[in-house]
Amino acid sequence: PTRPFALKFWSSKLQLSVIFLSFFFFFFFFSLCGDRAAYCMWRSPSANNNDELVSSLKQQGLVKTRVVEDVLRAVDRGRYSRSPAEAYYDSPNGIGCGQTISAPHMHAMCLEELAKVIVEGSRVLDVGSGSGYLSVALALMVGGKGLVVGIERHKELLEWSRANVQDDQPELLESGRLILKLGDGWKGEPEYGPFDAIHVGAAAESIPDALVEQLKPGGRMIIPVGIYDQYLVRVDKLPDGSITKRTLTGVRYVPLVKS
């Protein structure tokens with residue numbers, strides 16, 4: 001007669017355990033993905049190719065302007081991924097050397113923020129250029145009279161990124177509109193500055209002073225900041241040289257390594 005009670009007791013404990021574990025994984029997921037956790041899906045709906053991926057990002061409200069939509073459609077993410085089958089997932093993809101190509105929703109968000117200061121002829125610095133994907137998108141945004149400098153710490157990734165661009169849009173390298181080179185993200189690239197826009201693709205412990213110095217008055221930098229708790233920060237240099245900072249969202253990036 002006690003058997004049904006025992007089964008009911010253990011069944012209730014199992015249900016409580018499942019509920020507890022569900023809440024644990026829910027909060028763990030949000031702590032990793034930050035405020036944009038709703039967009040950290042393993043795959044965007046129906047994203048089987050680049051156009052579908054961009055359309056999905058647009059439908060979610062992440063791609064807002066025509067200029068960002070156009071450059072994202074013009075640069076096929078699959079050409080800059082180590083795993084073309086996973087290139088259209090809305091998640092980071094490993095590219096070797098402990099680095100990743102950021103999730104598409106983060107690229108869209110960063111481009112939308114930088115598009116507000118990028119015009120024909122702008123100079124842009126891309127720190128941690130990785131596969132070359134975002135550097136190419138930025139090079140299309142600045143037009144034929146602009147310049148994008150992508151710096152990468154790992155020689156293997158630098159050579160791979162150059163090969164990616166050469167296969168996809170070689171005219172950017174041949175014209176000098178896009179320069180990909182070895183560099184230290186903490187030091188920036190003062191030779192080509194000052195810059196109208198700076199994008200940083202790895203999380204810095206603090207905002208590097210050198211990058212702030214290389215930002216042109218009226219310019220903008222988008223940079224993930226933090227070690228355990230990371231946030232995407234928008235840094236604007238006003239015309240008088242003063243600096244304003246605004247936290248945009250919680251994120252999770254690989255660290256910006258110091259030499």
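Predicted model: local features only at pLDDT ≥ 70, side-chain atom pairs only at ≥ 80, totals over all residues.
Visitor: Let's start with helix α2: which of its residues are buried?

Guide: In helix α2, which spans residues 50-59, the buried residues are N50, L53, V54, S56 and L57. Viewed down the axis of α2, these buried residues fall within an arc of 160°, so they line one face of the helix.

Visitor: And what covers the buried residues of α2?

Guide: The cover includes α3, residues 66-74, and α4, residues 104-115.

Visitor: What caps the N-terminal end of α2, and what follows the helix?

Guide: The N-terminal end of α2 is capped by N49, which has a side-chain oxygen 3.2 Å from the backbone nitrogen of D51. The helix is followed by G61, a residue with a positive phi, near 85°.

Visitor: Moving to α3, at what angle does it pack with α5?

Guide: Helix α5 covers residues 133-142, and α3 packs with α5 at an angle of about 130°, their axes being 9 Å apart. The two helices are therefore oblique to each other, and α3 passes α5 in a right-handed crossing.

Visitor: Which residues meet there?

Guide: From α3, V67, V71, L72 and A74 meet Y133, A137, L140 and M141 of α5.

Visitor: Now the loops: where is C97, and is it buried or partly exposed?

Guide: C97 lies in the loop between β1 (93-96) and β2 (99-101), and C97 is partly exposed, with a relative accessible area of 31%. Although C97 is not a glycine, its phi is positive, at about 60°.

Visitor: What about the peptide bond from G193 to P194, cis or trans?

Guide: That bond is cis, with omega near 0°, and P194 sits in the loop between β5 (178-182) and β6 (195-200).

Definitions and conventions:
Residues numbered from 1 in each chain as written. Heavy atoms only, no water. Buried < 20%, exposed > 50% of the residue type's maximum accessible area, 1.4 Å probe, protein only. Helix = DSSP H or I, 4+ residues; strand = E, 2+ residues; numbered from the N terminus. Arc of directions from axis to C-beta. Contact = heavy atoms within 4.5 Å. Polar contact = N/O pair within 3.5 Å; in protein donor to acceptor, adjacent residues only side chain to side chain. Axes fitted to C-alpha atoms, helices over the stretch in contact; angles between N-to-C directions. Parallel < 35°, antiparallel > 145°, perpendicular 65-115°, else oblique. Left-handed = near helix turned anticlockwise from the far one by under 90°.
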